[in-house]
Amino acid sequence: MSGAASETKRAALARRVEKIVANTPVFDIHTHLYDPAFKELLLWGIEELLVYHYLVAEAFRYLDVPYEQFWPLSRTRQAELIWNALFVQHSPVSEACRGVLTTLNLLELDARKRDLPALRRWFAKQNVEKHVTRCLELAKVERICMTNSPFDDLERPVWEKGFRRDERFVAALRVDPLLLAWNDTARRLVEWGYEVGAALSAPVISEARRFLSDWTKRIQAKYLMVSLPPDFRFPDVNGCAQLIEKAVLPHCREFGLPFALMLGVKRAVNPALRLAGDGVGLADLQSVQNLCAGFPENKFLVTALPRENQHELCVLARKFRNLHVFGCWWFTNVPHVVEEMTRMRLELIGLSVTPQHSDARVLDQLVYKWAHFREILSRVLTDKYAALSRAGWEPTTAEIQRDVKDLFGGAFEGFCQAR
Ligand code: RAT
Ligand code: ZN
C-alpha cells in the first residue's frame, strides 16, 4: 500500500475507534460520589471543583498562607485563593487544573474571561437532580460505584433510615477503619451491638463477620474495599492481616464478592494538608501474590498508586485469574502515565482489565475524567488495531465495540460474576 493510502486507512480507523470509544457507556467502578438521596454528601459545582484535594495540594505550591489559616476560611474564600493561585496567576497546565476547564467547557461555560463570580452564578441556578443526569450524560457514565462507609457518621444514618435507591448508583463497602484501626473500631462495634473486643478470638471474628454481613446486605455491596499503606504485608501476625484472612476473605467467599485493594498510599505525609497530605510508596506485590495464590476461591480487584508497581502487577494478573487490575488514580491519573499504563496493560493482559475508574469526589469531575481518558484510550486502541491490521487481521466494528465495552465495565462485570 502507498504511504498516502495507508495514512488514509489509518485516519479512517482512528475515526471509527474514536466514535466507538466516545459512544460506549461506562460503568465507573470506583468513585466517592453518592446517590442523590444522601443530599449534601453528593458534592458538585464550582466551589467543590476548586477545593478538590488534588488542587489544594497544587495551590499550596504557590500560596504563602499558613496551613492553619487556610482551613478555617469559608469554602468560597478557599476556592478563590485556589482559583487565583492556579488559574489567574499561573497557567493551569496540571491535569487536575485542566480537568476543571474541560468540565466547564463541556458544560458550555466560558472560562476565558477568568470570571469566577459568573461561573458561580451559573452553578447557583442548577438543580441537583438535573445536574446529576446532565453530568452522567456528558460523561456517558451509565452506572457508578460509590464508596460507602458504615464508619462515616453522616453516611451511616442515611442507610439505617433507608431510602429509595437510584439505580445508577451501586454500593461498595469500604472497610479501612475495620482493618487499620481495630482497637477504636471495636469500641464502635460494641456501641452498635456487636460483641467484640481488642483480642481477635474466634467469637470476636464471627461478630466482625456478622457486622460485614449486615452491611453487605443493607447496602447491597458490589464488592468490599480497602486502601493499604506501603508497609502492608500478607500474611502477617498483625490485626489487619488477621482480619483479612479470618473475617474479610471468608465473608467475600460466602457472598461471592471481590475484595478490592488500593495499594501504595502513604497516609499523612504532611498532615497539615489534611486530605491533600497523603503520598505514595512502593507497594509489596508479593503480598498480593500470597493472597491470590493462597485464596483461589477469592477474587481480588487491585489497583496500585506507584508507577513503579504497574509492570509487576500486570505480570501477576497473567498468573492469577482471580486478580483483576483496574484504574489509574490520583498521582497516576496524569495523561502520560495513563497512556503508558494503558498500553502496558493491553500489551500484557489484553482486554481482561478495567483500565480506568474516575475516583471522582465531585460529580462534575466525571465529565473531564472520562473525556480525558477516552482521548487516550482512542489513541492506544487505534495503534493496537493498526498493528493488527499490519499483521493481516482487520477488526470489525462489532469487534471493536465489544472490546471497548469490556474495557468500560464489561470485563469487570464478568469478573464479578465468575465463580
Ligand atoms: O484519589 C483520591 O481522591 C484519593 O484521595 C483516595 O480517594 C483514594 O482513591 C481512596 O479511595 O482511598
Ligand atoms: Zn478513591
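The following conversation concerns the sheet of a predicted model and one residue in its strand β1.

Trainee: What should I know about the numbering and the model?
Mentor: Residues are numbered from 1 along each chain as its sequence is written, while chains are lettered from A and ligands numbered from 1 in the order in which they are written. The model is predicted, with local features needing pLDDT of at least 70, side-chain atom pairs counting only at pLDDT 80 or more, and totals for chains, interfaces and linings using all residues; side-chain values use heavy atoms, without hydrogens and water.

Trainee: In what order do the strands of the sheet come?
Mentor: The open sheet has seven strands, ordered β1-β2-β3-β4-β5-β8-β9, with parallel pairing. Strands are DSSP runs of E with at least two residues, helices are runs of H or I with at least four, both numbered from the N terminus, and two strands pair if DSSP finds at least two bridges between them.

Trainee: Which strands stand at the edges?
Mentor: They are β1 (26–28) and β9 (323–325); each has a single partner strand, so one side of each lacks a neighbour in the sheet.

Trainee: Which helix lies across β1 and β2?
Mentor: Helix α17 (residues 365–390) does, running at about 120° to β1. Such angles run from 0 to 180 degrees between N-to-C directions, with axes fitted to C-alpha atoms, for helices over the stretch in contact (heavy atoms within 4.5 Å).

Trainee: Now Asp-28: buried or exposed?
Mentor: Asp-28 is buried, meaning under 20% relative accessible area with a 1.4 Å probe, protein chains only.

Trainee: Which side chain of opposite charge is nearest to Asp-28?
Mentor: Lys-369, 8.6 Å away, and Asp-28 has no salt bridge, defined as a side-chain nitrogen of Lys or Arg within 4 Å of a carboxyl oxygen of Asp or Glu.

Note on methods. Buried means under 20% relative accessible area, exposed over 50%, partly exposed in between (1.4 Å probe, protein chains only). Lys and Arg count as positive and Asp and Glu as negative; His and the chain ends are not counted.
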